[in-house]
Amino acid sequence: MSSMYSRIEEKLKAAFSPEFLDVIDESHQHGGGTLHETHFKVVIVTRNFDGLRLLQRHRAVNETLKDELRSTVHALALHTYTPEEWHKKSGTAPISPACRGGSKLDA
């Protein structure tokens, strides 16, 4: 597993004590390959999200990973759930869409 993957996983485990955590390196779907470690998807299920709105959850995760987001990580897809929400979704998160080349401008 990649070093960035490990850093993200370790920080989220320490900050949120998740019941479920899946960190997925999706860099290969964005033309850079996994060596670039720039695009990640995180599915995190924790009681820490009880009573928090989606924006508050995302801000908490982004704050935890602020150093990574300032340096290497270009994109971070977040799927944040309470245990009850996760159970209602039958333990599945949305599939990431194909990369549309966000750095390219249409003429």
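A salt bridge is counted here when a side-chain nitrogen of Lys or Arg lies within 4 Å of a carboxyl oxygen of Asp or Glu. With that rule in hand, a search of the whole structure turns up 9 salt bridges. The structure is a predicted model, in which local features need pLDDT of at least 70 and side-chain atom pairs count only at pLDDT 80 or more, while totals for chains, interfaces and linings use all residues. Residues are numbered from 1 along each chain as its sequence is written, and side-chain values use heavy atoms, with hydrogens and water left out.

Helices (H or I, at least four residues) and strands (E, at least two) are DSSP runs, numbered from the N terminus. Glutamate 68 is buried, with a relative accessible area of 2%, whereas arginine 7 is partly exposed at 38%. Here buried means under 20% relative accessible area, exposed means over 50%, and partly exposed lies in between (1.4 Å probe, protein chains only).

Another salt bridge joins aspartate 67 to lysine 11, with 3.9 Å between the closest N and O atoms. This pair also links distant parts of the chain, since aspartate 67 sits in helix α3 and lysine 11 in helix α1, 56 residues apart. Both partners are partly exposed: aspartate 67 has a relative accessibility of 44% and lysine 11 one of 27%.

Next comes the salt bridge in which the side chains of glutamate 84 and arginine 47 meet, at 2.9 Å from N to O. Glutamate 84 lies in helix α4 (residues 83–88) and arginine 47 in the loop between β2 (39–45) and α2 (54–64), so parts that are 37 residues apart in sequence are tied together. Glutamate 84 is partly exposed at 40%, and arginine 47 is partly exposed at 41%. Elsewhere, salt bridges that share partners join Arg7, Lys11, Asp67, Glu68 and Arg70 into one network.

Finally, threonine 80 is worth a look. Threonine 80 is part of strand β3 (residues 75–81) and is buried, with a relative accessible area of 5%. Leaving aside neighbours within four places in sequence, threonine 80 is in contact (heavy atoms within 4.5 Å) with Ile44, Phe49, Leu54, Arg57, His58, Val61 and Glu85.
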